[in-house]
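Work through the following exercises with the sequence and the model side by side, and try each task before reading its solution.

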Amino acid sequence: MNYPVVYNQYLKMVSDILERFSSNKEDSEKILGHLKEMSESKSTAILGGETFISLDVAKDDYPIHWENKGKIFEIVGTNMRNKTTTLIYISTLLGFDWAAAEPYIEDKKLIKQSKVIMKEISSGVSATLVIDNSNYRFEVIVKDSIANVVRWDKLNQGHLPLQDISLSSELDWKEYRGKLENFFDVQVVGVGRNFVTQVGHEEASNLALFCEEANKYITHYTQLLNSKKPKISPKLLLSQINDLKQKIIEVTNESKQLNDLLNITKVNHSQLEKEHEKIVSILAKDEVQTFLKLALEKTNIEQIFEKIRVKRLELQQLEEQQKDYEDIIIKQTKDFDILHTEIAILKDSIESIKSNLIVPESIIKDFISALDNNDITRIRLLGDLLWVDDKTYEAHRALANYSFSGISLKTKLLGIEVFSEKIHNLSELKHKMEQSETTTQELSKLTGNFERLFAQLNKLKFNTTEEYFSDINGMNGLSNIVEELQEQIRTTKLEIDQLERAYKDKSGQYGEIDVMRKKYDAAYVLVSDEDLAYLEEVCGNYNLTLDFSLQIELEKIISSKHSLMKETSLKIADLRRAIEQLRHRRKKLEQEYNAMEVGGDIEVRTVPLMKTKDLLGNISEYFTHKRRYFESNDANILTKLEKEITSNEQNLGNDFEMVIKLINERIKDRCPFAFVNTDTGIEKREVLGYDFLNSDFFVEGLPETSKFHGGITSSMTVYGLATKRTGAELGSILLVDEWGDVGVYKDYVYQALCGIDYLTTAIFVDVDENKKIAELKARR
């Protein structure tokens with residue numbers, strides 16, 4: 001079977017392990033609940049009471065035909081009359097795996113004969129097996145090495161056919177056994193029965209499979225828990241909840257404020273409609289119409305008059321600015337003209353005497369270039385060198401007269417050209433000195449020019465060329481400003497002219513503005529004080545002008561109030577929805593937080609589950625390795641399995657004795673008693689315990705020398721194998737060979753087997769040399 005039978009001992013074992021590892025109560029209940037459901041859903045066979053069984057095998061040498069009705073059967077006859085062959089045919093046709101059962105069957109002749117029979121079927125021997133009771137009918141029909149299997153469910157009218165299954169090869173037989181294994185659990189018992197070992201390994205394998213299934217579910221359940229692990233910590237989640245609470249308070253307050261605004265707006269809107277209605281009635285009166293008409297005309301005329309006054313002031317200011325700028329320009333132009341005149345005069349003077357000067361030519365050229373370009377920086381520098389004052393002139397005269405006192409730096413500069421040539425005698429020296437005196441005499445004529453030019457530069461505060469051109473540009477800028485002012489003045493005069501014409505047109509019918517004001521005052525008196533006060537109050541309340549637009553402006557305000565009410569109502573609705581969404585979100589987070597509080601930390605919960613899973617895994621591995629060790633004959637495999645078994649025992653630790661005790665208890669559940677032949681007759685005695693590891697058992701009052709008597713062990717083996725709980729759909733079938741050694745215990749065993757409800761049928765082979773024709777007898 002590919003799923004285990006679940007016993008209460010298994011459930012208690014898992015429960016104890018979970019409790020020992022401090023598993024969460026809810027987790028333990030869910031895991032145990034699932035395992036219990038597995039027990040209820042996978043361990044119930046279809047019971048049918050009394051069973052009809054028939055077997056037909058078309059063999060040329062010894063054809064077989066048996067049929068009878070009952071629950072416990074005996075095939076009785078002499079040897080060599082197809083008795084054992086019958087058992088092998090039934091078990092083979094029901095999908096019994098002889099190869100897997102070989103380690104537990106000491107009579108190897110059965111194994112050898114099973115291979116012969118499978119070969120016969122594969123070679124074309126026909127066989128038919130029928131098992132029929134009140135709840136179902138099961139048929140296997142084999143012909144020409146093709147099997148057809150049919151199961152009818154009489155209770156639910158179900159019909160399951162398995163057709164055209166080939167039995168030609170070993171692979172075909174493997175497939176056949178796989179398809180039939182869930183219908184019946186077949187037990188075959190031969191001579192040399194190893195009862196404790198076989199039943200023990202059956203129970204150990206079932207426990208191993210149960211642990212494996214439990215492991216799968218615990219793994220699945222742990223994955224579910226981990227999938228529910230919160231993405232954030234409880235602390236952060238609580239912070240989010242508090243933030244939502246605060247947000248809800250804020251949005252609720254905002255909604256309340258908007259609701260208050262809406263109520264106020266509704267009141268204002270209602271008041272406005274009343275005011276509008278009264279305003280309309282007041283504005284319809286003739287005296288009010290006349291008053292408003294004069295008020296409008298008066299306002300228009302006074303506005304024009306005021307604009308003319310403002311524009312004239314503006315024109316006056318513009319003209320004053322223009323005059324101020326023009327005065328500055330005139331003054332600066334005069335100063336610049338003087339400067340330019342002095343520069344021109346100086347240039348002409350230099351030009352007129354330069355041929356008489358013994359001065360470096362480069363200095364004269366540079367100075368004339370500076371004068372041409374108004375380069376103030378160079379004019380000041382070079383002019384200072386060429387400007388010969390009285391002191392300089394006297395120094396050159398002294399030089400010419402061989403007097404070297406008072407020769408200045410400037411004097412030396414002017415004498416450079418004079419003394420540039422080599423002097424050979426005193427006569428040449430005197431001549432050169434005379435030339436130097438001549439140069440200073442010529443330059444001294446320009447003293448007045450230099451004085452006037454430098455005086456003008458000082459007046460204008462021009463020390464550098466940049467300052468000169470800066471003032472030139474500034475004067476040009478003032479000219480541009482004057483031009484802009486002239487344009488503004490022209491435009492302003494045009495505006496004043498237009499306003500004056502408009503004023504004349506508006507006030508023409510009244511002559512003078514004072515006349516119009518008197519008419520306005522007269523109209524004002526005709527309007528009732530109540531109406532006038534109401535109009536002025538409304539205008540003051542809403543910052544409106546008292547004129548014919550008052551009605552329209554009020555209607556605009558009313559419309560805006562209506563729009564505001566609509567807009568506010570929509571906002572309030574949006575806020576209410578937002579509040580509901582926030583509350584829903586808060587509730588969800590609170591539920592998530594509460595789930596954390598109730599369920600505990602997921603990681604803490606999964607630790608005991610993983611420990612339980614590991615322990616169950618060790619139990620499953622231990623018994624799987626133990627069975628493989630018993631069933632194997634390969635020395636290499638046995639060596640490897642021995643190490644793995646030792647490792648499993650170490651991993652189990654203190655739990656090793658617990659699981660061995662559980663297997664011994666299960667063996668006892670399978671066969672809790674033994675039939676003992678005493679002086680007073682057959683007694684049914686309790687089995688005190690089993691030792692799975694040593695293949696031993698202990699019966700009350702039974703000496704060690706007597707307990708392995710053939711009849712005792714045979715009866716215990718048969719009953720122990722028959723009581724195997726099965727998940728097979730149609731129950732279990734027990735087939736027992738060489739039953740003769742049971743002796744006096746036979747009827748007691750049959751009676752006990754009848755109490756096993758999930759046992760479909762049991763067939764025993766007994767030898768009776770007096771029975772020449774073999775017979776299938778129903779014993780119960």
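**Exercise 1: placing a serine**

The model is a predicted one, in which local features need pLDDT of at least 70 and side-chain atom pairs count only at pLDDT 80 or more, while totals for chains, interfaces and linings use all residues. Residues are numbered from 1 along each chain as its sequence is written, and side-chain values use heavy atoms, with hydrogens and water left out.

Task: is S349 buried or exposed?

Solution: The relative accessible area of S349 is 15%, and buried means under 20%, exposed over 50% and partly exposed in between, with a 1.4 Å probe and protein chains only. S349 is therefore buried. Leaving aside neighbours within four places in sequence, S349 is in contact (heavy atoms within 4.5 Å) with L446 and N449.

**Exercise 2: a helix pair**

Task: at what angle do α7 and α22 pack?

Solution: Helix α7 (residues 195-227) and helix α22 (residues 655-670) pack at about 120°, with their axes 9 Å apart. That makes α7 oblique to α22, since angles under 35 degrees count as roughly parallel, over 145 as roughly antiparallel, 65 to 115 as roughly perpendicular and the rest as oblique. On the α7 side, V196, V199, G200, E202, E203, A204 and L207 meet L662, I663, R666, I667 and R670 of α22.

Key. Axes are lines fitted to C-alpha atoms, for helices over the stretch in contact, and angles run from 0 to 180 degrees between N-to-C directions. Helices (H or I, at least four residues) and strands (E, at least two) are DSSP runs, numbered from the N terminus.
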